[in-house]
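Here's a quick tour of a single protein chain. Have a look at the sequence and the model first, then read on.

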Amino acid sequence: RYEMMGGAVTWFGKPYKRHFDACLHHIGSHIPRDRVIHVGDSIEHDVKGATGAAIDSLFIAAGIHAKELELVVREGGAVE
């Protein structure tokens, strides 16, 4: 809302590229992006963010999108 009123806002976190850049800097800038994979269960935050930062991603379908994908997640994480 503050941004809509003309206030300066800096967004940080997934899916913003600055978040992924900061994480890469933290683990070491000597590691090339093509040797990094981001693992997450959110298409909107994890997959979109990693793609925007030129990082591969691994989508965990049994996470927050399991119901949308009509998956049954059993105790212990097994998926049907």
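Predicted model: local features only at pLDDT ≥ 70, side-chain atom pairs only at ≥ 80, totals over all residues.

Residues are numbered from 1 along each chain as its sequence is written, and side-chain values use heavy atoms, with hydrogens and water left out.

**Overall layout**

The protein chain has 2 helices and 2 strands, in the order α-β-α-β from the N terminus. The radius of gyration is 16 Å, well over the 12 Å from the globule rule for 80 residues, so the chain is more spread out than a compact globule. (That radius is taken over C-alpha atoms, and the rule is 2.2 Å times the number of residues to the power 0.38. Helices are DSSP runs of H or I with at least four residues, strands are runs of E with at least two, and both are numbered from the N terminus.) Along its principal axes, the C-alpha trace spans about 45 × 40 × 20 Å.

Buried residues account for 21% of the 80; buried means under 20% relative accessible area, exposed means over 50%, and partly exposed is in between (1.4 Å probe, protein chains only).

**The core**

The largest nonpolar core has 6 residues: Phe 20, Leu 24, Val 36, Ala 50, Ala 53 and Ile 55. Such a core is a set of buried Ala, Val, Leu, Ile, Met, Phe, Trp, Tyr and Cys residues joined through side-chain atoms within 4.5 Å.

Ile 55 sits in the loop between α2 (43-52) and β2 (56-59). Leaving out residues up to four places away in sequence, Ile 55 touches Phe 20, Leu 24, Arg 33, Val 36, Ile 37, His 38 and Ala 50, where contact means heavy atoms within 4.5 Å. With the same exclusion, Phe 20 touches partners including Lys 14, Pro 15, His 45 and Ile 55.

| Residue | Relative accessible area | State |
|---|---|---|
| Ile 55 | 7% | buried |
| His 19 | 18% | buried |
| Val 9 | 33% | partly exposed |

His 19 lies in helix α1, and its contacts beyond four places in sequence are Phe 12, Gly 13 and Lys 14. Val 9 is in the segment before α1 (17-27).

**The surface**
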